[in-house]
Structure formats: C-alpha cells, structure tokens
Amino acid sequence: MSTLKLGEHGPEIFPQGLGCMGMSAFYAGAEHDESVATLERALDLGVDLFDTSDVYGPHTNEELLGAFLAEGDRRARVTLATKFAISYTADGAREIRGDAAYVKQAAEASLRRLRTDVIDLYYMHRRDVRVPIEETVGAMAELVREGKVRHLGLSEVTAKELHAAAAVHPIAAVQSEWSLFTRDIEESVVPAVREVGAALVAYSPLGRGFLTGAWASAETLPKGDFRRLQPRFTGDNAAANAAILAPLRTIAEAHGVTPAQVALAWVQSRTRAWGLSVVPIPGTTKRHRLEENVAAVDLVLTDAELAALEPIAGQVTGGRYPDMAGTFNDRD
C-alpha cells in the first residue's frame, strides 16, 4: 500500500485515516473497550492519521485518545489531528470562536487532554465570521512557531477563505464532507485546495453510514443519534436516497466487496481525478468495520464503474445538515 503526502510540506501518511468522533459523540452505541481495541487495530494495520476535535464529547474524545496514545510508543506512530472553534456557553448554547486569544486557549486545553507536547495537524473546525480569517490563522501560525503545532488545517472553508489563510501560513489540509452523496466542494473548494498545495481530508466518506447499506432510514437509529435530525436520512428523502444506490450495490457484487468499500474506493479515486492527495477518514467504533474500510485502499474502480456512480450525487434529496450555517455553503 502506498502513502500520500499531507500537503506539499506535510508528512507521508497511510492513504486512509480514522475518524474518532463516533467513539465519544453524536452517534449512539459506542462501547469504550471496543473503541480502544479499534484504535489498537488501526495501528496494527498501518492507519496513522487519527482525527478528533475538542467538541467531540465535548472533550471526552480527546481524553480517550490522550489516554490511549500515552501508552508505549503509540504517540510516535500517529499523526494526531484535532480541531478548535466550536464551543458551548454556560447555558449550553453553541458558539463559534476564532479570535486569537481563544485559539491559544483552546490549543493549550487540547494539548493537556491529548497528553502530548505537540499537535501534528491543528484545524480551524468552523469559521468565525466575526473575526478576519487572517487573525485566526495568524494565531495558529504562532502555535507553529512555538512548537506546539506542526501543521495547520481548515474545515468547511470557502475557496476565498482558503486563499486568504494560505497567504498567512501554509495550509497542509482542508477537511470537508466528500462522498458519493456530497460533491458540492468540487465547484470551487477542491480546485483551491490544489492551488495552495494542500491535501483534502474527506470526512463522512460513507455518507454517515448511509452508503454502507446498514440502514435505510434514520428513524431506525437509536434515540440520541444526531443523524435522526439530518434531512436526507429521514422520511421520503431517505426512501428516495436509498433507491439511487443500485449502481453501488451492483459494483460491489461484481467485485465481491461491500458497498462501503466501493464508496471509499470512489473517494480514493479523487486523488487521481483531481491531482491532489485525498485522504478519507471513515469513522468506526468496531474492529471488523475498520478492517473492511482499510481493505478498500487496494480497490480500484474502472472508468466504466466510475461513470455508473457519477449520477448519484446529483440525485440526492435533502440537505446534509438541518442548518447549513457554519458550513462553506452558507458563505460561498
């Protein structure tokens, strides 16, 4: 298995990362011991990009990773990515902050929870529109100069915001949702990522699990699972979206693999299609799903198969969030 470079100046990493959010937040059913075993299995398989955020929990996902990576040589084997910007006020209201003072405060808190001296990849999770992005990235760059952060990343930014940020400090990675279900970043964000020499880290490459075929409507998911609130997974939208996945199932059957593996292979094929490093970070809390995901790294789809999958995104009904505020779409 080959490696991919995380931006022009970033490290070489395994071509697939591990999204750790679901081990602590938003999805129902995670078990601590199995999550830890999944992290250990990821290292065994060579997966070396672990992705978290201070808002996952909040804080508990960083604490989980910090405890895990503190043992043995695990920390040295991982490119550790975390994020800041989404916080909660005393009364529980969600707030997005990107002011310089908060950037430094959040980084110090993440370093403590992660039990590390340096964060390998530090993302601005969401854009604080009240603060010039140059101020936010300038504060992040100061963390690099202080040796507390190695590389900078941005999540859910517009092409214009990315170029403004890159003028302040090199950006190693841009994280945004990219899958057979969600391709809106291709219009302007992906070309900008290539122009600034960054990598594209694709979150929710399995359409938050919908592309796996494990469930066909969010109403069947446990209470407390935030996917029950997402428009594309509920009611008539869910039924319509399940119906457009026939090509995915057909290709999976032809290869003797799962629909999830085909969906990941499609994301991986974007590296060749766009001429930049594309690293999917499927999230899972179970070892057997992790092994299934990693096996997809070696799956190559033919041009005819890629063409058969091409129409899916244009047929999706329903938004990816009930409120798109905070995403790049709201500002693009």
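Where does Pro58 lie? Pro58 is in the loop that runs between strand E4, residues 49-51, and helix H2. This is a predicted model, so please take what follows with that in mind.

I start with the backbone. Most residues other than glycine have a negative phi, and most peptide bonds are trans. There are two places to look at here. The peptide bond from Gly57 to Pro58 is cis, and its omega is near -5°. The other place is Phe26, a residue other than glycine with a positive phi, near 75°. Phe26 also sits in a loop, between strand E3, residues 18-19, and helix H1, residues 32-45.

Next, helix packing. Two packed helices are described by the angle between their axes and the distance between the axes.

Take helix H2, residues 60-69, and helix H3, residues 100-114. They pack at about 45°, and their axes are 7 Å apart. H2 and H3 are therefore oblique to each other. On the H2 side, the residues in contact are Glu62, Glu63, Leu65 and Gly66. They meet Ser110, Arg113 and Leu114 in H3. By class, the contact of H2 with H3 counts two nonpolar, two polar and three charged residues.

The other pair is helix H4, residues 133-145, with helix H5, residues 159-166. For H4 and H5 the packing angle is about 45°, and the axes are 9 Å apart. That makes H4 oblique to H5. The crossing of H4 past H5 is right-handed. Which residues of H4 and H5 meet? From H4 there are Ile133, Glu134 and Val137, and from H5 there are Glu161, Ala164 and Ala165. In this contact of H4 with H5, four residues are nonpolar, none is polar and two are charged.

Which helix gives the largest share of the lining of the second largest pocket? That is helix H9, residues 259-274, with five residues. Sorted by class, the lining of this pocket has nine nonpolar, four polar and two charged residues.

To go back over the main points: the Gly57 to Pro58 bond is cis, and Phe26 has a positive phi. H2 is oblique to H3, and H4 is oblique to H5. H9 supplies the largest share of the lining of the second largest pocket.

Key: Residues numbered from 1 in each chain as written. Predicted model: local features only at pLDDT ≥ 70, side-chain atom pairs only at ≥ 80, totals over all residues. Heavy atoms only, no water. Axes fitted to C-alpha atoms, helices over the stretch in contact; angles between N-to-C directions. Helix = DSSP H or I, 4+ residues; strand = E, 2+ residues; numbered from the N terminus. Parallel < 35°, antiparallel > 145°, perpendicular 65-115°, else oblique. Contact = heavy atoms within 4.5 Å. Nonpolar A, V, L, I, M, F, W, Y, C, P; charged D, E, K, R; others polar. Left-handed = near helix turned anticlockwise from the far one by under 90°.
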